[in-house]
Amino acid sequence: LCPQLQHPSAEVREYACASISKLLQQKHVIPAFVQRDVVRCLGPLLMDHSLAVRETAAGALRNLSACGGFDVCDDMVTSDIMTPLVALLKECSTGLDANQLSPKKCKEMNQLSPKKHGEMNKNYIEDIANEAINLLWNICECNNTALYIFNKEGCLEAVLHYMKKFATNVDLAISVANCLQAVTEDNPDLLASFNAPAQQILETVMLCPESTMKHILLRTLIAGTIWNIKDTIPPGSLGSTVNAILKIFSESLAIDAGETIIHMNGAEKNRLKLAVEAETEENMTDITENCVLTEDDNMEEIPKGKLRRENDVSDLLPSDKWELKEVTALLTAQQTALEIIVNMCCSEDPSDDEWEELSSSDESDLFMENSYNEGSGLLLSPLCLSDEVNSAFLNNLIPKKILEKTAFPNSVALDICMHNPSWKPLIKKLNAVQCRALTCLQSILLVSDVDCLGGAPALQSLAEHLSQLIFSKTELPTDTEFLEAVTSALRALLQTMASKNISQQCMTPEQLLALCEAGIQSSNASVRVNVVSILGISGSVLAKGQDTAETLKMIGKFLLEVAMKESSLVVAGEALDALFDVFADGKEAEKAALQIKLLPTLKEFQPVFRMRMRKEGKGQYSTDQLCVLDNVKMNLRRFIAYQETLGKTPT
C-alpha cells in the first residue's frame with residue numbers, strides 16, 4: 001500500500017489512503033506502518049491536487065494519531081507532520097468561503113467533471129477540514145512541540161474561522177470545539193490571541209438556541225474553552241460568564257440519558273420501518289411504471305425521486321444512525337461538563353484581581369437559605385470559587401444534577417444497548433458518566449463547607465446513597481474505574497463527616513471489611529489506598545465508641561497485613577497512617593491493640609519499612625510521594641514511642 005501512495009493516478013492514491021486508514025484502526029499493525037515511515041509518505045498527500053486524496057490522507061493520519069497513542073504522536077511531530085497540516089488548515093480556511101472553483105481548476109484538483117465538482121466542492125473542503133482539525137486536536141493534546149507550533153504559526157485564527165460554520169455544519173464545529181478545548185488548557189502563551197473578535201465567535205456559538213444533542217455538546221465544549229481562557233475576561237464580566245457556563249452544564253446534566261436512549265431507539269425503529277415501507281412502495285410503483293411504458297413508449301419519464309411519499313420523514317433525516325449519534329453527543333456532553341466542573345473545583349485559589357473577596361454578608365446568608373429548595377435535595381457550593389460562582393452553582397442546581405448522575409444507568413436503556421450491537425458502545429459511555437459524576441462529587445466534598453453541603457442530615461443521606469451503590473448488588477463491584485470513583489467519593493465524604501463528628505452509620509462493620517477485602521485485591525493502587533483510608537477513618541470513629549474492641553481488632557489485623565505485605569510503598573504507608581488514626585486514643589483501641597500485639601508487631605516491622613524505603617523509594621515514586629512516606633516513617637517512630645508509654649502507664 002505504501003508505494004501506491006506515490007502512484008500517478010489519484011484514484012489509486014485515494015484507495016491506498018483509505019485502505020491504510022482502515023488498517024490503522026487495528027493497534028497491532030501500527031508499528032509496522034510506523035517502521036515504514038508512513039507519516040512521511042502520507043504527509044505530502046495533505047496538499048495533494050486531488051481533494052479526495054487530501055481527505056483520505058488526513059483521515060488515515062487522524063486514525064494513526066488516535067489509535068497510536070502518545071508515542072506515535074511524538075513520532076508524527078518528529079516526522080514533521082505539522083508543516084503540511086498547518087498549510088492544509090490555512091488553505092482550507094481561506095477557501096472555506098470562496099465561491100465555486102472554475103471548471104479548469106476543478107479538473108486540476110479533483111479530476112472530476114466541472115458539474116460534479118461544483119456540487120461537491122464546498123462539502124469536500126469542510127470534510128477535509130474536519131479530518132485535519134481532528135488530527136490537529138489529537139497531536140496537540142499529546143505533544144507540547146505541536147502545541148508550540150500551533151501558537152507560533154497562528155493556527156487559532158484559521159481554527160476559529162471554521163467555527164463560523166457551526167450553523168450549517170455542526171459536526172465540523174464540534175471537532176473545532178474539541179480542538180480548542182485541548183489547545184487552551186494550560187497554554188498561557190495562547191491567551192493573548194483571544195482578542196475581542198475571537199471571544200465574540202465563542203460567545204455567539206455558546207448562545208446558539210438549537211436544542212439538538214449535538215448542539216448541546218457544542219455549547220458544552222465551548223463553555224469549557226471559555227473557562228480555560230477565563231484570565232482574558234474582564235473581572236467585571238467574569239461573574240456573568242461563569243453563570244452562563246454553568247447554565248450550559250446544567251442544561252446538559254438535566255437531560256435523562258436513559259430516557260433519551262429509550263426514546264431515540266424507538267425513533268430509529270420507526271424511521272427504519274418507514275424506510276422499508278417507502279422502498280416497497282417505490283418498487284411497486286416502478287413495476288407499474290414499467291408496464292405502462294411497455295404499452296406507450298412515448299410516455300414522459302417520471303423524474304427520479306418524485307415517487308417518495310411526502311409524509312415520509314426519513315427523507316428529512318440523515319440515513320446513517322442519526323439517533324445513535326444524538327445519544328452519543330449527549331453522553332459526551334455530560335461527561336465533558338462533569339470533567340470541567342472537577343477542574344473548576346480543583347482550580348487554584350482566585351486572586352483578588354479576579355474575584356471579589358469572600359464575605360459574610362446578607363447575600364451569603366441568602367445562599368444558605370436557598371441551599372434547600374423543594375424537591376432539590378442536596379445542594380453543594382465550592383468554597384474555592386467566589387460568591388458569584390457559588391451562587392451560580394446553586395442557582396443552576398449543578399450539585400443536585402451531579403448527584404443524580406451518580407446513580408446506576410437506567411436498566412431498560414442498558415437492555416436496549418446490550419441487545420443492539422451498534423448501540424452497545426453506549427454502555428461504556430453511560431458508565432463513564434456515572435464515574436465522572438462520582439469524581440465530581442468527591443471534588444465538591446473536598447472544597448465545601450459542611451453547612452453549604454446541607455448539614456449533617458444531607459451528608460448522612462449521601463453516605464447511604466454511596467453505600468447502596470456499593471452494596472445494592474449481590475456481588476461487590478469489580479470494575480476498576482467505578483471502584484476508584486465510588487471509593488474516592490466515599491473517602492472524601494467520611495473524612496468530612498469525621499472531622500465534624502457526624503454519625504456514620506452507612507455501613508455495618510461486616511460490609512466495611514468486605515469492601516476493604518475486595519478493594520485491596522484491585523490492581524489499581526488508588527482503589528487500595530482509598531479502601532485503606534476508609535477503614536482508617538471508620539476505625540478512628542469506632543474507637544471513640546463503646547464495646548467496639550472486637551471490630552477494632554479485625555480492622556487492626558487487616559491494616560497490619562496490608563502494611564507488611566502490600567507491594568506498593570504508598571499503599572503500605574497509607575495502611576500505617578490508618579493504624580495510627582485508629583489506635584491513637586481510647587480505651588477500646590488500647591484493649592484491641594494489646595490483643596493483636598500491635599506494639600511488638602510494629603517494632604519488628606519498623607526496620608523492614610525503612611529498608612524498603614531505601615531500596616524502592618528512589619526512582620519508583622514521585623517527590624510528593626516520598627515526602628509523604630518520610631512523614632509516615634517519622635510518625636511510625638513516634639507512634640511506637642507513644643504505645644510504649646501506654647504500656648508503662650498503670651491502669
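Student: Does arginine 54 count as buried or exposed, and at what relative accessibility?
Tutor: This is a predicted model in which local features need pLDDT of at least 70 and side-chain atom pairs count only at pLDDT 80 or more, while totals for chains, interfaces and linings use all residues. Residues are numbered from 1 along each chain as its sequence is written, and side-chain values use heavy atoms, with hydrogens and water left out. Buried means under 20% relative accessible area, exposed over 50%, and partly exposed in between, with a 1.4 Å probe and protein chains only. Arginine 54 therefore counts as buried, its relative accessibility being 6%.

Student: Which helices hold glutamate 91 and arginine 54?
Tutor: The two side chains meet in a salt bridge, 2.9 Å from N to O; the term requires a side-chain nitrogen of Lys or Arg within 4 Å of a carboxyl oxygen of Asp or Glu. Glutamate 91 counts as partly exposed at 35% relative accessibility. The pair ties together parts that are 37 residues apart in sequence, because glutamate 91 lies in helix α5 (residues 82-95) and arginine 54 in helix α4 (residues 51-78).

Student: How far apart are the closest N and O atoms of aspartate 37 and arginine 40?
Tutor: Aspartate 37 is partly exposed, with a relative accessible area of 31%, and arginine 40 is partly exposed at 46%. The two residues form a salt bridge, and the structure holds 19 of these. For this pair the closest N and O atoms are separated by 3.6 Å.

Student: Which residues does asparagine 420 touch, not counting those up to four places away in sequence?
Tutor: Asparagine 420 sits in the loop between α19 (411-418) and α20 (425-447), and it is buried at 17% relative accessible area. Its side chain makes a polar contact (a pair of N or O atoms within 3.5 Å; within protein, one must be able to donate a hydrogen and the other to accept it, and residues adjacent in sequence count only if both atoms are side-chain atoms) with the side chain of serine 422, at 3.0 Å. With contact meaning heavy atoms within 4.5 Å, asparagine 420 touches Asn265 and Glu268.

Student: What separates the C-alpha atoms of glutamate 11 and serine 50?
Tutor: Glutamate 11 lies in helix α1 and counts as exposed at 64% relative accessibility. Serine 50 is 39 residues away from glutamate 11 along the chain. The separation of their C-alpha atoms is 8.9 Å.

Student: How many contacts beyond near neighbours in sequence does the stretch of residues 349-384 have in the model?
Tutor: The mean pLDDT (the predictor's confidence in each residue, from 0 to 100) of the protein is 83, and 81% of its residues reach 70 or more. Over residues 291-319 the pLDDT is below 50, and that stretch has 23 contacts beyond near neighbours in sequence. Over residues 349-384 the pLDDT is also below 50. The number of such contacts for residues 349-384 is 75.

Key. Helices (H or I, at least four residues) and strands (E, at least two) are DSSP runs, numbered from the N terminus.
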